[in-house]
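Here's a quick look at a pocket and the packing around it. Have the viewer ready.

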Amino acid sequence: MADDNKKLNHDEEASPLLHHQQPKSAEQQPTQQELFHLWTADGVPMAHGSVMGQPIPRSPWNSNVCACLGQSDHFCSSDLEVCLLGSVAPCVLYGSNVERLGSNNPGTFANHCLHYSGLYVIGNSCCGWNCLAPWFSYPSRTAIRRRFNLEGSCEALNRSCGCCGSFLEDEAQREQCELACDFATHFFCHACALCQEGRELRRRMPHPGFNAQPVLVMIPPAEQAMGRGA
């Protein structure tokens, strides 16, 4: 009987459906550092890339600055609308872009659109071109770049032609260079920069008005009266 019990226990331990681990000695036990480097929090092996200590690679923009007429996808009609707003009413496009970024703040569109319109009118009246509004609108490009972890102009130039590599070594120096490039893009290519930001936001974020919850309106029934002629 004892031999049968031992055989039964041995068969259970040898079953491939049971999760059984052989005891390891103290020398064979993996250290805490080795266990940390085996898997990530998402269950992905660390061989695919480390999580801690490695910078997240920045992705390029969905469209370049000069792609004002849009791309051949289902956003083409939206791209044409963005191009039209950037050419005729840049204040509306800028207000819409900022509204998408700060969707939780009421009155964002009106505040930014009015300030932009004032600077636009003053710049065109005094200097003959829109030279004041870019000083007010370029932080939106920086906010978009930081929020979606997009490539800056320095990184794009370094990727394409290998220049500006010295500015990418230090993080603070790189960010200062990118801020200067954001301002230069808005100052010299203002309408194209607004259109590029509008296309990027429309591909990544829905309009705040689309997130509104439906409201159920209850209409009471009309008062009914019995006919006296019956």
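Helix 7 (153–161) is the top contributor to the lining of the largest pocket, with four residues. Helices here are DSSP runs of H or I with at least four residues, numbered from the N terminus. This is a predicted model: local features need pLDDT of at least 70, side-chain atom pairs pLDDT 80 or more, while totals for chains, interfaces and linings use all residues. Numbering starts from 1 along each chain as its sequence is written, and side-chain values use heavy atoms, without hydrogens and water.

The pocket holds about 340 Å³, counted as the space filled by probe spheres set on grid points joined across faces, edges and corners. A pocket is an open set of points on a 1 Å grid over the protein atoms alone where a 1.4 Å probe fits, with protein on both sides within 12 Å along at least five of seven lines; lining residues have an atom within 4 Å of a point. Of the 18 lining residues, Val65, Arg141, Gly152, Ser153 and Ala156 lie nearest the centre.

| Lining class | Residues |
|---|---|
| Nonpolar | seven |
| Polar | six |
| Charged | five |

Helix 6 also supplies at least two lining residues, and Thr142 sits in that helix (residues 133–147).

Definitions and conventions. Ala, Val, Leu, Ile, Met, Phe, Trp, Tyr, Cys and Pro count as nonpolar, Asp, Glu, Lys and Arg as charged, and the others, Gly among them, as polar.
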